[in-house]
Amino acid sequence: MSLVIRNLQRVIPIRRAPLRSKIEIVRRILGVQKFDLGIICVDNKNIQHINRIYRDRNVPTDVLSFPFHEPDFPDDYNLGDIFLGVEYIFHQCKENEDYNDVLTVTATHGLCHLLGFTHGTEAEWQQMFQKEKAVLDELGRRTGTRLQPLTRGLFGGS
């Protein structure tokens, strides 16, 4: 099914083709290539607004995931939407990090959230971290990149 990437901001340039290519591979690794997925790139103002409405946190953030679950429609192949706070992500990038790689890692993190992974407790984080690491390691094997999970070190882990 389809992967839709929308850029709704003008603050940070987005190269959608490399992001699409890598997320298509991530979808195949996770076995969800038959499901629709939306990735929406927004600026700090908009991600903060969404964060305030849905999480009661009035600050910009890197990623928000909104699963599409309609129990009455079991044949609906829509995973949901991932909002990337690309301005926030850009400013959080360290000097030695490639911005496009960080977008891939952040979108992968959001996709794991759509699949039910969370990191509210150390046990949940451990599961999510292991899933992200396995996916990013396989992505690296296929593309030659070396990417680390977004939440590394969240609970003192690697």
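Trainee: Which residues lie nearest the centre of the largest pocket?

Mentor: Please keep in mind throughout that this is a predicted model. The largest pocket holds about 820 Å³ of space, and its lining is made up of 35 residues. Of these, the ones that lie nearest its centre are Asp62, Val102, Thr106, Leu150 and Thr151.

Trainee: Which element gives the largest share of the lining of the largest pocket?

Mentor: The elements that each give two or more residues to this lining are α2 (44-55), β3 (63-67), α3 (86-92) and α4 (99-114). The largest share, 6 residues, comes from α4.

Trainee: Against which elements do the buried residues of α5 pack?

Mentor: Helix α5, residues 122-143, reaches 30 Å from its first C-alpha to its last, which is close to the 32 Å expected at 1.5 Å a residue. Its buried residues include Trp125, Met128, Phe129, Glu132, Val135 and Leu136. In an α-helix there are 3.6 residues a turn, so residues three or four places apart point the same way. The elements against which the buried residues of α5 pack are α1 (16-30) and α4.

Trainee: What residue follows α5, and what is its phi?

Mentor: The helix ends at residue 143, and the residue that comes after α5 is Gly144. The phi of Gly144 is positive, near 85°.

Trainee: Why is strand β4 described as largely enclosed by the rest of the structure?

Mentor: Strand β4 spans residues 78-85, and a residue is called buried when its relative accessible area is under 20%. The strand is largely enclosed because, of its 8 residues, the number that are buried is 6.

Trainee: Which residue of β4 is the bridge partner of Pro67?

Mentor: Strand β2 (residues 36-42) pairs with β4 in the parallel sense over 7 bridges, and there Leu37 stands opposite Gly80. β3 pairs with β4 in the antiparallel sense over 5 bridges. In β4, the bridge partner of Pro67 is Gly80.

Trainee: How many Å apart in space are Asn7 and Val42, C-alpha to C-alpha?

Mentor: Asn7 lies in strand β1, residues 3-7, and, once its neighbours within four places in sequence are left aside, Asn7 is in contact with Ile14, Arg16 and Cys41. Although Asn7 and Val42 are 35 residues apart in sequence, their C-alpha to C-alpha separation in space is 6.7 Å.

Notes: Residues are numbered from 1 along each chain as its sequence is written. This is a predicted model: local features need pLDDT of at least 70, side-chain atom pairs count only at pLDDT 80 or more; totals for chains, interfaces and linings use all residues. Side-chain values use heavy atoms; hydrogens and water are left out. On a 1 Å grid over the protein atoms alone, a cavity is a set of points where a 1.4 Å probe fits but cannot get out, and a pocket is an open set with protein on both sides within 12 Å along at least five of seven lines; lining residues have an atom within 4 Å of a point. Grid points are joined across faces, edges and corners, and a volume is the space filled by probe spheres set on the points. Helices (H or I, at least four residues) and strands (E, at least two) are DSSP runs, numbered from the N terminus. The expected span of a helix is 1.5 Å times one less than its number of residues. Buried means under 20% relative accessible area, exposed over 50%, partly exposed in between (1.4 Å probe, protein chains only). Contact means heavy atoms within 4.5 Å. Two strands pair if DSSP finds at least two bridges between them.
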